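This report concerns selected local features of one protein model. The sequence and structure are shown first, and the discussion follows.

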Amino acid sequence: MALTVADVIDRLRNLLLDPAAVRWSDDELTDWINDAQREVVMYKPEATSASAVLTCAVGTRQSLPAAAARLLDVTRNTSSDGATAGRVVRLVEREALDAAKPDWHKASNHTDEVRNYVYDTREPRSFYVYPGVKTADTTYLDIVYSKYPDELTATTDEIEVDDLFIPSVINYVLFRAYGKESEHADSDNKVQLHLQLFLSSVGVDIKVAKTSSPNMYRLGNTGARQ
């Protein structure tokens, strides 16, 4: 069962020694929880992974659902309801495809079954497929994407990042809370401690691309998935 904002605030109040909300209000902590979720997803997109059946547009360029922050994977062709599995879809490097098939974007090469996809994190909300799609509303793909966290407003709202990242959220909020009292030397030490704990937990010392791009998982010369 997913934790709620109230669950996380209860833990924070115990750690902050502020059970009566004298120094930090629920609204303030909730704002920081929202910020924490966005920070976690920036470095660990899989924290809000979701799957969907994407109806492909005609051509090679495909757009992610409105709620998607970035692509994590394209697994296979499928039926419109996702019940019938089709051909698997493999990630390829654009440079290799460009060299082997310079005219791969042309409509004359389009079919209604996708074999490969190309993804560039510099354009996180779209990707390209090969062969391109020939006919509208006939080609469907199973995709996995990172979802933008919704804004949490009520204490009954559920935290959107996976439970594994709750410690990261808590450390981020503690970093922000103690930063509010930076005039105290002890608070400065706590700020640095919880910031470092947060950064370590999301692997910020590793390039963001290593955790956000399917290329880092799939292409042999860029490293294995952890």
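## An edge-to-face pair across the chain

In this predicted model, Y128 has a relative accessibility of 23% and therefore counts as partly exposed. W104, by contrast, is buried, at 0% relative accessibility.

The structure contains six aromatic pairs. In one of them, the ring centres of W104 and Y128 lie 6.5 Å apart with the planes at 75°, so the arrangement is edge-to-face. Because W104 belongs to the loop between helix 3 and strand 6 (116-118), while Y128 belongs to strand 7 (residues 126-133), the pair ties together parts that are 24 residues apart in sequence.

## A pair within helix 4

Y172 and F175 form another edge-to-face aromatic pair, with 5.7 Å from centre to centre and 70° between the planes. Both residues lie in helix 4 (residues 166-179); because they are three residues apart there, about one helical turn separates Y172 from F175. Y172 has a relative accessible area of 8% and is buried, since the cut-off for that class is under 20%.

## The setting of E95

E95 is located in helix 3, which spans residues 94-100. Its relative accessible area is 54%, so E95 is exposed, the cut-off being over 50%.

Along the sequence, 23 residues separate E95 from V118, and the C-alpha to C-alpha distance between E95 and V118 is 9.7 Å.

Conventions: Residues are numbered from 1 along each chain as its sequence is written. This is a predicted model: local features need pLDDT of at least 70, side-chain atom pairs count only at pLDDT 80 or more; totals for chains, interfaces and linings use all residues. Side-chain values use heavy atoms; hydrogens and water are left out. Helices (H or I, at least four residues) and strands (E, at least two) are DSSP runs, numbered from the N terminus. Buried means under 20% relative accessible area, exposed over 50%, partly exposed in between (1.4 Å probe, protein chains only). Rings of Phe, Tyr and Trp (its six-membered ring) pair if their centres lie within 6.5 Å; planes under 30 degrees apart count as stacked, over 60 as edge-to-face and the rest as tilted.
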